[in-house]
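Here is a briefing on one structure.

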Amino acid sequence: MGVRRTAVVKLVVSDEQRDALHRTAEQYLYCANRTADYCWSDTSYAECKTNKREVRDALYADLREETDLQAQLVQAAIKRAVEAVKACVKRWKKGQRVSQPTFTAETIDYDTRSATFYRNKVSLATVEGRVEPSFVLPADSPTPYERYVLSENYEFRESTLRYDATTDEFYLNISTRRIHSDDEVSEDTGHSDQTVLGIDLGVNSLAVSSTGTFWQGDDYDHWCREFEKRRGEMQRRGTQAAHKALLRLGKREEAWRKQYIHTIANELVSEAVEHDCDVIAFEDLSDIRERLPYAKWHHVWAFRRLFEYVSYKAPEQGVSVEQVEPTHTSQRCSRMDCGFTHDGNRHGEHFECQKCGYEVNADYNAAKNIGVRYARKRQHKLRSSPKSGSGDAPVDVRVNGGTLNGESYQPLAGD
Ligand SMILES: [Zn+2]
């Protein structure tokens with residue numbers, strides 16, 4: 001088994017470094033596209049070349065000749081293209097429509113030989129030789145970078161340099177693998193890790209994820225109120241025509257509301273996929289009316305539909321959907337090593353822990369707790385039957401900028 005961690009860091013690049021990285025990306029994409037050309041066959045998948053070694057033997061010398069790229073980068077570009085062709089062939093065999101992969105996004109795969117990491121900077125191979133951009137690190141310590149890239153317990157595996165054209169910034173997605181067990185995760189289980197995305201549903205924001213994404217639902221509230229107003233007017237008129245118009249309006253409103261929730265459901269599943277989550281955890285909705293006395297019927301309707309839509313959309317992406325017991329998820333401090341639970345911690349949309357002083361949006365705090373509740377539930381189960389082989393695994397909670405392990409939390413009151 002391997003426990004993998006990913007950290008994303010933003011790079012501070014000078015104009016010269018920027019040019020070098022863009023030129024490197026351009027030549028890298030050239031290699032990847034040339035490789036895809038070589039491997040692909042429109043006639044049949046049997047004619048596509050997917051043996052990495054053979055493809056490399058055929059192309060490597062030419063690509064080194066045609067570009068200024070260093071050996072490792074040429075090999076990485078070939079590897080990326082062969083893997084993409086392989087994935088297409090797999091879908092093709094299943095009868096899905098596929099076409100030759102093309103590479104346009106400016107991303108470069110680095111390994112231990114083409115990238116070297118230091119505390120505050122990274123050294124990257126480019127067509128202009130090595131460049132050494134420094135990192136923009138968030139103030140929250142320890143950052144995922146410190147915990148997983150600099151830690152002796154993790155070894156650096158590979159990283160992907162990514163240029164984001166909308167922000168004109170370069171990012172590094174760094175992936176590491178744990179080599180020594182550390183105190184946060186117990187490695188003796190023999191199961192692989194799971195990662196959960198916690199979702200809080202509410203009136204202030206329709207949905208909030210433990211990664212810190214908010215689906216506000218302001219326009220949902222607005223339009224539901226508008227529909228209601230117009231329904232009221234038609235009802236007061238009380239004519240036959242008004243009655244028919246009312247039915248039409250009802251149908252239109254329902255279609256609109258469903259479409260709205262479908263969009264959020266899709267975005268929520270994408271959020272889980274983008275953050276490599278295996279599980280999406282919601283709170284159990286059975287007593288939602290009692291727990292949210294201010295929720296209108298259209299809120300409750302939205303919560304139930306959202307859960308329903310995510311429940312059938314997520315499995316198509318290999319993500320499962322679970323529900324957890326919702327008690328105290330709003331009153332508990334989600335900060336690692338705190339977990340203090342008190343009614344006075346929450347004031348409307350604002351959460352402030354009376355013990356450690358952690359201040360954060362109340363719904364985001366709850367979303368993290370829902371993830372933690374799921375993680376702890378799984379771990380209790382795991383401990384009570386360690387040899388069950390049922391596939392139960394230690395679970396991490398995906399939060400804004402990293403992961404938290406369920407084990408490192410104080411118990412939730414009532415657990
Ligand atoms: Zn606290």
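Helices (H or I, at least four residues) and strands (E, at least two) are DSSP runs, numbered from the N terminus. The model is predicted: local features need pLDDT of at least 70 and side-chain atom pairs pLDDT 80 or more, while totals for chains, interfaces and linings use all residues. Residues count from 1 along each chain as its sequence is written, and side-chain values use heavy atoms, without hydrogens and water.

- Helix α3 (residues 71–93) has 23 residues and spans 33 Å from first to last C-alpha, close to the expected 33 Å. The expected span is 1.5 Å times one less than the number of residues.
- G95 follows α3 with a positive phi, near 90°.
- Helix α6 (residues 240–274) has 35 residues and reaches 51 Å, close to the 51 Å expected.

**Packing of α1 and α2**
- α1 (residues 15–39) and α2 (residues 52–66) pack at about 145°, axes 11 Å apart. Axes are lines fitted to C-alpha atoms over the stretch in contact, and angles run from 0 to 180 degrees between N-to-C directions.
- Among the contacts (heavy atoms within 4.5 Å), Y30, C31 and R34 of α1 are on one side, and V55, A58 and L59 of α2 on the other.

**Zinc site**
- C333, C338, C353 and C356 coordinate the zinc ion through SG at 2.2 to 2.4 Å. Donors are N, O and S atoms within 2.8 Å of the metal (3.2 Å for Na, K and Ca).
- The donor spacing is C-x4-C-x14-C-x2-C.
- The site is tetrahedral because the four donors subtend angles of 106 to 114°; the cut-off is all angles between 85 and 135 degrees.

Technical notes
Tetrahedral: all angles 85-135°; square planar, octahedral: opposite > 155°, others 65-115°.
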